[in-house]
Amino acid sequence: MQRGDDLLTSMCLLWVTSPYNVVALNETWELLAHRSARGHCAMAPSVHAYRSWWGWGRSDAAVTAGEREALVSRVHSLLPDADLTFHEAPEPSTLGVVKPAVAPPTPLAKLSSMDVIDRLAHARGKAYRDVVCNLKGDIGRVPDAVVRPASEQDIIDVLDWASSADVAVIPYGGGSSVVGGVEPRFEDHAGVVSLDLERLNRVLEVDRVSRAGLIEAGVYGPHLEEQFKPYALTLRHFPQSFEFSTLGGWLATCSSGHYATLYTHIDDLCESLRVVSPSGVSQSRRLPASGAGPSPDRLFLGSEGALGVITQAWMRLQQRPRWRAHVSAHFADFSAAVQATRIIAQSGLYPSNCRLLDATEAMLNAGVRTGASVLVLGFESADHPVTAWFERGLEIIHAYGGTTPNPPTHSDAADAPGDREAGSAASWRSAFIRMPYQRDALAQHGMIVETFETSTTWDAFDALHAELTATASRVMQSITGFGLLTCRFTHVYPDGPAPYYGVYAPGHWNSLPQQWDDIKRALSDVLNKHRASITHHHAVGRDHRPWYDQQRPDPFAAVLGAAKRTLDPAGILNPGVLIDAM
Ligand SMILES: Cc1cc2nc3c(=O)[nH]c(=O)nc-3n(C[C@H](O)[C@H](O)[C@H](O)COP(=O)(O)OP(=O)(O)OC[C@H]3O[C@@H](n4cnc5c(N)ncnc54)[C@H](O)[C@@H]3O)c2cc1C
């Protein structure tokens with residue numbers, strides 16, 4: 001497939017300046033938290049003062065004219081037939097945003113914004129399809145108001161008013177949902193408000209003995225870490241969206257951070273939850289573990305704003321790691337690399353990093369042009385050197401034919417405490433942070449650049465991967481002419497991996513986002529056919545509902561529906577995600 005190979009090389013050139021060096025991911029976010037502490041990343045008074053309403057991140061951090069020109073000319077040189085016309089984001093004033101249908105009553109009015117750009121910015125999340133719809137001026141339903149509670153009582157008042165006035169309430173953290181989680185994609189209800197929790201952003205208490213912290217749910221990642229710095233503690237939950245997502249959003253979506261094993265999901269770090277629902281406040285006990293029946297926290301973890309508003313959580317904290325070791329191993333054979341990864345996942349070594357990139361992914365995002373798959377293996381500890389664990393990991397790599405072209409890196413923070421911002425690691429960090437901005441720029445030129453993710457058992461992976469690869473090739477051939485599917489494992493478990501796929505294709509502007517929807521639908525059907533999860537950590541939202549409805553057992557759906565009706569009798573909380581009210 002000559003043209004595909006060319007495209008691959010082109011994409012490689014596009015992205016090679018931003019290698020997906022997952023080893024440094026945690027350090028990237030540590031750096032951001034550090035910048036925040038120095039006042040470069042302030043979250044007050046509102047992040048929406050400087051965030052883009054239509055795309056990722058800060059408006060003033062979008063790609064520069066030079067960056068854009070370089071991106072476009074590289075795509076053009078390999079895809080001369082592709083229509084790469086630039087599409088400017090529309091002026092909000094031209095979009096015909098309708099006047100609010102409802103307004104919060106007087107006591108809540110002072111917490112509410114009816115500003116058009118504020119409302120637009122809360123109308124969608126940050127998936128590729130959100131960005132494209134915004135760019136095309138397809139704004140859908142826009143919240144009538146953005147309400148920013150300053151206390152739990154404010155939230156209770158909002159829910160009381162909304163329940164009596166048939167107003168839908170969409171809890172909003174950072175709005176980084178990639179599954180239609182914050183979008184009012186429904187026609188009923190007299191009105192809809194976006195409940196933006198950014199004012200609830202404090203660390204309220206630190207229990208040094210048990211090593212846990214009580215945190216308000218609306219805090220953004222960097223601000224959260226900044227507040228734990230004086231205690232030399234860290235939550236160490238670093239999703240790629242860390243800078244523009246919140247603790248409440250992480251808990252409500254079962255987000256996954258940089259740990260490839262053991263503490264993969266935010267759930268693993270949650271000790272107890274406080275949740276406000278229209279029916280009352282639920283506060284679970286702080287417990288390290290409990291055998292007292294089904295867990296109340298489990299009901300709300302992943303509840304996506306449909307069962308209540310998470311206001312606070314006690315979270316398990318850690319000391320900052322001192323010892324680190326990591327290596328990138330190359331495998332000529334992807335299936336041997338999968339085997340090595342499985343053996344490491346089942347070894348009890350629990351590496352902090354164990355990410356396998358297939359050859360295409362390694363080429364695109366790590367600049368490896370030899371056709372090798374790459375396994376990035378890393379260990380970290382605050383308590384002890386990690387050499388013994390690391391050496392055993394290396395043995396497994398070698399046993400499956402892996403090689404290590406570059407020497408392993410061992411570091412002891414005590415030796416080089418101030419060294420984090422130096423050299424290539426620092427330039428990688430800034431490149432990594434640029435990735436979502438570059439995705440938006442490519443979307444402005446009609447490119448399809450999106451990801452999807454899943455989890456499956458090891459025994460089922462090969463067949464699933466083969467059918468996904470074949471389906472992607474066939475579907476992209478028919479829809480866009482051609483395209484690329486890349487694969488990496490973001491997280492691994494003793495019984496299976498969480499594969500994460502990238503889709504890259506030249507789209508047709510007039511047919512976006514339908515082209516992406518068609519590709520995504522075909523691939524989601526394959527996940528369902530192979531009984532893989534429709535999501536490992538991106539959540540269900542509105543986009544994954546058709547497949548989630550097939551994935552969950554019927555009796556469980558009935559119980560979830562009963563929970564919804566009990567906690568939210570008027571059916572106002574985030575209608576359409578997870579479960580229907582009636
Ligand atoms: C560039 C990019 C990178 C990403 N990387 C990752 C990644 O590495 N790992 C990962 O897991 N995800 C990732 N995501 C997806 C997204 O960041 C996560 O789903 C994140 O957890 C959402 O947090 P948020 O604060 O932005 O929540 P929002 O997007 O505001 O909301 C998400 C859902 O949670 C609900 N919700 C929000 N706050 C509350 C609350 N306090 N109480 C009740 N419900 C609430 C909302 O109603 C909605 O249903 C990424 C997204 C983007 C755009």
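How many residues has helix H16, and how far does this helix reach from its first C-alpha to its last? The structure is a predicted model, in which local features need pLDDT of at least 70 and side-chain atom pairs count only at pLDDT 80 or more, while totals for chains, interfaces and linings use all residues. Residues are numbered from 1 along each chain as its sequence is written.

Helix H16 (residues 514-529) has 16 residues and reaches 22 Å, close to the 22 Å expected at 1.5 Å a residue, the expected span being 1.5 Å times one less than the number of residues. Helices (H or I, at least four residues) and strands (E, at least two) are DSSP runs numbered from the N terminus. Gln-515, Trp-516, Ile-519, Lys-520, Leu-523, Val-526 and Leu-527 of H16 are buried, whereas Arg-521 and Lys-529 on the other side are exposed (buried, 20 or more other C-beta atoms within 10 Å of the residue's own; exposed, 12 or fewer; partly exposed in between; C-beta atoms placed from the backbone). Arg-531, which follows H16, has a positive phi near 60°.

An open sheet of seven strands shows antiparallel pairing in the order S15-S12-S14-S13-S17-S18-S16, where two strands pair if DSSP finds at least two bridges between them. Strand S15 (409-412) and S16 stand at the edges with a single partner strand each, so one side of each is left without a neighbour in the sheet. Within the sheet, five bridges join the antiparallel strands S13 (residues 353-357) and S14 (residues 373-381), and Arg-355 has Val-376 in S14 as its bridge partner.
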